[in-house]
Amino acid sequence: MAKIRIYGALLLSLIIFNSCEEKGDFGLSSDDVEPIEFNSENISLSTGIVWLDSINSANLSRIFVGEHSGSDFGDMTAKGYIGLDLNENSHPVLTADDILDSVKINFGINFLYDTSAVNRALNLRAYKIGEAFPSDRYITRSELIQSNELIASGDVQIDNFDSVYSIDAELSWAQEIFDGIRDDNATFDTQTAFDAFFPGFVLRHEGSSENIFGINTGANFEVVFYYSVPLTDGSGNIANRTITMTGVAQPSFHHFTSDRSATNFAFVQETSVEYNQVSQLVVQSGIGLVTKLDLSDLERFANVNDGAIVNLAEMTIGPIGELPAGVSPPTTLLLLITDDRNTVISDGGALRAIQEDGVNIISQNFPLQLRYNETDRTYTASITSYVRAYLNDVFRRNDVFIYPANMNLSTNGFTLELDNLEIKIFFSQLR
């Protein structure tokens with residue numbers, strides 16, 4: 001029986017040997033195993049600060065007004081410009097007996113730099129623009145002449161974003177318009193003629209508000225003429241009526257400045273220049289201060305780790321610097337592509353940016369969004385698709401801006417220490 005067992009074992013061994021010869025190696029030998037090794041590595045990032053010169057502020061949903069001092073960004077000042085729709089097709093027929101009683105400018109607030117319960121007093125003044133106000137592209141550094149003619153003024157306390165606030169207009173200015181409508185004056189028959197008479201308002205805060213306010217534009221900005229009409233029934237009573245003009249389809253923009261002389265960023269004096277000898281980084285909406293990143297260390301990573309499979313590439317920004325009470329950082333950041341000229345690159349109306357994972361890397365409609373986490377005060381996002389494309393030499397761009405997604409609609413921002421920027425790549429390789 002023992003001999004039979006031995007012969008059977010030998011026969012089985014021969015069968016397995018012949019099978020291996022025909023089908024290929026089982027790979028059971030330690031010499032044939034090629035295990036996968038998992039690694040991670042941080043990418044070195046060179047940084048600088050750039051002051052952009054092309055932040056559009058025209059024809060948005062708001063214009064900024066106010067002053068704020070003492071922030072990490074410097075002393076901020078904002079004033080807004082808005083045209084007025086004559087709304088000539090809705091004018092009533094006025095008679096000599098109709099009396100203008102008062103005129104109000106009604107508006108809403110849709111932004112506060114400081115959202116705390118303090119610093120909410122807005123001392124609003126409206127002056128006449130002293131030159132033509134064409135519908136054009138305006139940036140935060142644009143200005144129009146402000147005349148000395150004060151059109152309206154009032155002091156209001158901003159409670160919430162749902163309220164309508166009002167200030168009183170000068171009756172002498174309003175009476176001229178009211179009389180012109182009643183007398184069929186050609187100045188008040190067409191928008192073009194009216195614009196020559198009144199190009200629009202310069203809106204500004206008087207004094208130090210310690211806040212920046214966002215004022216609604218379009219239909220939510222109204223000039224309302226309140227007048228009384230005697231009734232024709234012989235009762236001697238009157239009816240109260242209104243004429244309303246708005247900012248609908250009218251140009252608007254805001255001018256925004258920041259005096260950085262008393263801050264860590266006083267050296268930033270010229271636009272489109274990279275300042276890379278810095279001790280701290282900054283990103284600020286409105287004025288256009290951004291941090292520039294040099295991602296060229298990705299090329300070194302690609303050369304050293306030839307054939308690496310990128311499992312995850314994650315970017316982290318933060319924790320950001322402490323902010324004053326009531327002030328919030330931008331909720332979302334973008335990575336806009338730039339170059340040695342230090343300008344944003346426009347393509348078909350969109351700004352060229354690193355795209356989110358899973359999207360064609362050269363697309364333009366799905367920019368990667370780094371979202372803010374209030375708990376750890378950081379921004380994070382996966383840039384895996386971009387890093388994979390870079391390593392495969394499909395798409396390589398080394399210069400990007402950390403750009404707030406609300407650049408045109410906010411004045412918020414944050415500061416950042418140099419070592420609080422990270423790109424970490426988790427990758428695998430065959431040993």
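Modeller: Buried means under 20% relative accessible area, exposed over 50%, and partly exposed in between, with a 1.4 Å probe and protein chains only. Helices (H or I, at least four residues) and strands (E, at least two) are DSSP runs numbered from the N terminus. The model is predicted, so local features need pLDDT of at least 70 and side-chain atom pairs count only at pLDDT 80 or more, while totals for chains, interfaces and linings use all residues. Residues are numbered from 1 along each chain as its sequence is written, and side-chain values use heavy atoms, with hydrogens and water left out.

Colleague: How many residues of helix 5 are buried?

Modeller: The buried residues of helix 5 include Tyr386, Val387 and Leu391. They pack against helix 4, strand 18, strand 23 and strand 26, with contact meaning heavy atoms within 4.5 Å. Helix 5 is mostly covered, and the count of its buried residues is seven of eight.

Colleague: In the salt bridge of Asp155 and Arg125, which residue is buried?

Modeller: A salt bridge is a side-chain nitrogen of Lys or Arg within 4 Å of a carboxyl oxygen of Asp or Glu, and here the N to O distance is 3.2 Å. The pair links strand 8 and strand 7, 30 residues apart. Asp155 has 53% relative accessibility and so counts as exposed. At 12%, the buried residue is Arg125.

Colleague: How many residues apart in sequence are the parts tied together by Arg377 and Glu322?

Modeller: The side chains of Arg377 and Glu322 meet in a salt bridge at 3.6 Å, N to O. Arg377 lies in the loop between strand 22 and strand 23, and Glu322 in the loop between strand 18 and strand 19, so the separation of the parts they tie together is 55 residues.
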